[in-house]
Amino acid sequence: MTSLTHIATPDGVAPGVNYSHVVWGTGRFIAISGQCAFDEKGNVVGEGDPVAQARQIFENLRRCLQAAGATFEDVVKLTVFVTDIAYLPAVREARDEHLDSGRLPASSAVQVVSLFRPELLMEIEAFAVVGDR
């Protein structure tokens, strides 16, 4: 079993909004490659729609975590790459459908010029820690 500790606001650090500053745990480390809004056949879901793309990405992350024997409860870090910072509310909406708002992972958000295909609006990678098998 994994025990994760979340510290939203370490002493002397400004409070984090929508993330934890520090998350640690013991167990098996899992890295999930950046996921984009592709369905299981490789088709883009939600072209031009950040909400639809974010939802597909979190579904892909869920499936990847499941393949590793993990859930969103095990996620310690998310890195979000968006082509427009205005898409972050869509990302948060999708994230909040999957993660406990009281135990959010450490997070980074970066606006990028573009992703590897022009119809993609965002990409999200995740790190998780689960108990040893």
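1. The label follows from the cut-offs: buried means under 20% and exposed means over 50%, so a residue in between is called partly exposed. The model discussed here is predicted, and the remarks below should be read as remarks on that model.

2. What does the secondary structure of the chain come to? The chain has two helices and six strands. Starting at the N terminus, the order of elements is β-β-β-α-β-α-β-β.

3. Which strands form the open sheet, and in what order? Four strands take part, ordered β3-β6-β4-β5, and the pairing is mixed. The edges are held by β3 (28-35) and β5 (106-111); each has a single partner strand, so one side of each is left without a neighbour in the sheet. From one strand to the next the twist averages 10°.

4. The pairings of β6 can be followed strand by strand. Strands of a sheet pair through backbone hydrogen bonds, in either a parallel or an antiparallel sense. Between β4 (residues 75-82) and β6 (residues 122-130) the sense is antiparallel, with seven bridges. Within this part of the sheet, Val 82 stands opposite Met 122 in β6. Helix α1 (residues 50-67) packs on the sheet, where it touches β3, β4 and β6, and its direction makes about 30° with that of β6. Strands β3 and β6 also run antiparallel and are joined by six bridges. Gln 35 is placed opposite Ile 124 in β6.

5. Is β6 mostly covered or mostly open? Strand β6 is mostly covered, as seven of its nine residues are buried. In a regular strand the side chains alternate between the two faces of the sheet.

6. Helix α2 (residues 88-96) lies across β4, β5 and β6 and runs at about 150° to β4.

7. Leaving aside residues up to four places away in sequence, Gln 53 touches Ala 37, Val 44, Val 45, Gly 46, Glu 47, Gly 48, Glu 119, Leu 120, Leu 121 and Met 122. Met 122 is also the residue of β6 that stands opposite Val 82.

8. Gln 56 lies in helix α1 as well. Its relative accessibility is 14%, and Gln 56 therefore counts as buried, the cut-off being under 20%. With residues up to four places away in sequence left out, the contacts of Gln 56 are Ala 37, Phe 38, Asp 39 and Val 45.

9. Phe 29 lies in strand β3 and Phe 127 in strand β6, so the pair ties together parts that are 98 residues apart in sequence. Phe 29 is exposed, with a relative accessible area of 55%.

10. Phe 38 and Phe 116 form another tilted aromatic pair, with 6.1 Å centre to centre and 45° between the planes. Phe 38 is in the loop between β3 and α1, and Phe 116 is in the loop between β5 and β6, so this pair ties together parts that are 78 residues apart in sequence. Are the two partners buried or exposed? Phe 38 counts as buried, at 18% relative accessibility, whereas Phe 116 is exposed, with a relative accessible area of 57%.

11. The chain as a whole can be summarised by a few values. For 133 residues a compact globule would have a radius of gyration near 14 Å; the chain has 15 Å, which agrees. Along the principal axes, the C-alpha trace spans about 40 × 35 × 20 Å. Of the 133 residues, 41% count as buried. The accessible surface comes to about 7100 Å², and 52% of it belongs to carbon and sulfur atoms.

12. A last point concerns contacts along the sequence. Taking contacts between residues at least 6 apart in sequence, 73% join residues at least 24 apart.

Terms used
Residues numbered from 1 in each chain as written. Predicted model: local features only at pLDDT ≥ 70, side-chain atom pairs only at ≥ 80, totals over all residues. Heavy atoms only, no water. Pairing = 2+ DSSP bridges. Axes fitted to C-alpha atoms, helices over the stretch in contact; angles between N-to-C directions. Contact = heavy atoms within 4.5 Å. Rg over C-alpha atoms; globule rule 2.2 N^0.38 Å. Buried < 20%, exposed > 50% of the residue type's maximum accessible area, 1.4 Å probe, protein only. Areas by Shrake-Rupley, 256 points an atom, 1.4 Å probe, with all protein chains shown as cover. Phe/Tyr/Trp six-rings, centres within 6.5 Å; stacked < 30°, edge-to-face > 60°.
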